[in-house]
Amino acid sequence: MKPQEYIEAIAAGKTDEKLKAVYVFDSAVESQKTRYINTLKEFINIFGNDRDVIITSAPGRTEVCGNHTDHNNGKVLAASVNLDAIAVCAVSDCNTVRVQSIGHAMNVVDLGRLLPDETEFGHSTAMVRGVIAKIKDIGYKIGGFDAVTTSDVMGGSGLSSSAAFEVLLGTSISYLFNDGAINPVDIAKIAQYSENVFFGKPSGLLDQMASSVGTFVTIDFKSTENPVIKKVDFDFSSSGYSLCIVDTGGSHSDLTDDYAAVRGDMESVARAMGKSVLREIAFADFKKAVPKLFGKVSERALLRAYHFYNENIRVEKAVNALENGDFEAFKEIIVESGRSSYMYNQNVYSPSSPTEQRLSLALCVTEDILKGKGAYRVHGGGFAGTIQAFVPNEMLEDYRTAMENIFGIGNCHVLIVRPVGGTKVM
């Protein structure tokens, strides 16, 4: 269908079921219609109305448990959320990819130049180039196309706006040129490769995997080539709690060194024991080696290693609690996870700016409000951005008001768990 035909179909309610399959609630469908129509109109303004288009979507993700474990082949519990990036795409007859993200400069990639370029590190064009390059490298088809994208996954929020963009690109190419044949796990790996090699950010695989696969999932990264992915059977809507992500302000954009240091510290312990990542070493063997490691690696590295091992155990316990319907036990595990991140992984504020502690303040105020009735922890990479809180529904409005009085109206986001990951919507 042409963009204008989609606009008319959406306005007439003919695509409501397709939108509901992604956004779940009727109220959400109504709000998405305007967003989809505006994106289609922008595509017409930039690229015209003479080609058939597809519309794709990739969600942000929330890390439920397993903070900074994925990059050392650990375990995580994550979920896709209802905030997402969408794209209107059409195949072109040239050897160029043009991606216009609304509000940003256009990304233009020549398909004849698909090598990493350090001058592009940190720029979205590098993500586009990297996704295309990896898809071609593993044997799938690529080609020229034009796209207009928009995203309501807040940058620096810990909901992984960059992963959503990368997964969106991979999903779009899968459907434009490969009949949707690239599976979600491979798209996640493609997206991570793009971020590591072309964008220049040493991230793990969690963000991209949770976005690409979707819904509640637990992922064991013992083998990064073949991670074990399991859907967690739990109806969160019946728990009596709401999932809140509180954006405390501040950006992740200048924290790359802090993120890299977490991974680097953990891997320094592994190297000192003759391995490359901590997952290759048994927890018991690590504990026995601590006296010899003391003075050989930093104390912070040892603390972060302890966090890694115990966080893996907490992921297992959290999954079991959800599968057994024991939400009280689940909450206790989430609080333990948050305390470990604060004390041992030390990613609640940046060591380069010790007086800037918005996450610490948000956690402190949350603990005071909930008084043992909910759960809370740093969210995502940490150091700045967001916290996560599981808030009893009867306390939700009071909690939201209290947090927004401090951090700003609209900065407490009440989310749903989205049932699908990267997908072609229509």
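Q: Where is the place of Lys 371, and what makes this residue exposed?
A: Lys 371 sits in the loop between helix 12 and strand 9 (375-378), where helices (H or I, at least four residues) and strands (E, at least two) are DSSP runs numbered from the N terminus. Its relative accessible area is 59%, and exposed means over 50%, buried under 20% and partly exposed in between (1.4 Å probe, protein chains only). Lys 371 is therefore exposed. This is a predicted model, in which local features need pLDDT of at least 70, side-chain atom pairs count only at pLDDT 80 or more, and totals for chains, interfaces and linings use all residues. Residues are numbered from 1 along each chain as its sequence is written, and side-chain values use heavy atoms, with hydrogens and water left out.

Q: Why are helix 5 and helix 6 called oblique to each other?
A: Two packed helices are described by the angle between their axes and the distance between the axes. Helix 5 (residues 161-177) and helix 6 (residues 184-198) pack at about 125°, with axes 9 Å apart. Axes are lines fitted to C-alpha atoms, for helices over the stretch in contact, and angles run from 0 to 180 degrees between N-to-C directions. Angles under 35 degrees count as roughly parallel, over 145 as roughly antiparallel, 65 to 115 as roughly perpendicular, and the rest as oblique. Helix 5 and helix 6 are therefore oblique.

Q: Which residues of helix 5 and helix 6 make the contact?
A: Helix 5 contributes Ser 162, Ala 163, Glu 166, Val 167, Gly 170, Thr 171 and Ser 174, while helix 6 contributes Ile 187, Ala 191 and Glu 195; contact means heavy atoms within 4.5 Å.

Q: What makes helix 12 roughly antiparallel to helix 13?
A: The axes of helix 12 (residues 358-370) and helix 13 (residues 396-407) cross at roughly 150° and come within 11 Å. That angle makes the two helices roughly antiparallel. Their contact is made by Arg 358, Leu 361, Ala 362, Val 365, Thr 366, Ile 369 and Leu 370 of helix 12 and Tyr 399, Ala 402, Met 403, Ile 406 and Phe 407 of helix 13.

Q: Why are helix 2 and helix 3 called roughly perpendicular?
A: Helix 2 (residues 16-23) and helix 3 (residues 26-47) have axes that cross at roughly 110° and come within 9 Å. Helix 2 and helix 3 are therefore roughly perpendicular. In this contact, Asp 16, Leu 19, Lys 20 and Tyr 23 of helix 2 meet residues of helix 3 including Asp 26, Ala 28 and Tyr 36.

Q: How do you know that Arg 314 is buried?
A: Arg 314 lies in helix 10 (residues 299-323). With a relative accessible area of 10%, Arg 314 is buried. Beyond residues up to four places away in sequence, Arg 314 touches Cys 65, His 307, Ile 333, Glu 336, Ser 337 and Ser 340.

Q: Why does Phe 199 count as buried, and what does this residue touch?
A: Phe 199 is in the loop between helix 6 and helix 7 (206-213). At 16% relative accessibility, Phe 199 counts as buried. Not counting residues up to four places away in sequence, Phe 199 touches Phe 121, Gly 122, His 123, Ser 124, Ala 126, Met 127 and Ser 194.

Q: What makes Ser 276 partly exposed?
A: Ser 276 is found in the loop between helix 8 (256-272) and helix 9 (283-293). Its relative accessible area is 42%, and Ser 276 is therefore partly exposed. Leaving out residues up to four places away in sequence, Ser 276 touches Glu 267 and Ala 270.
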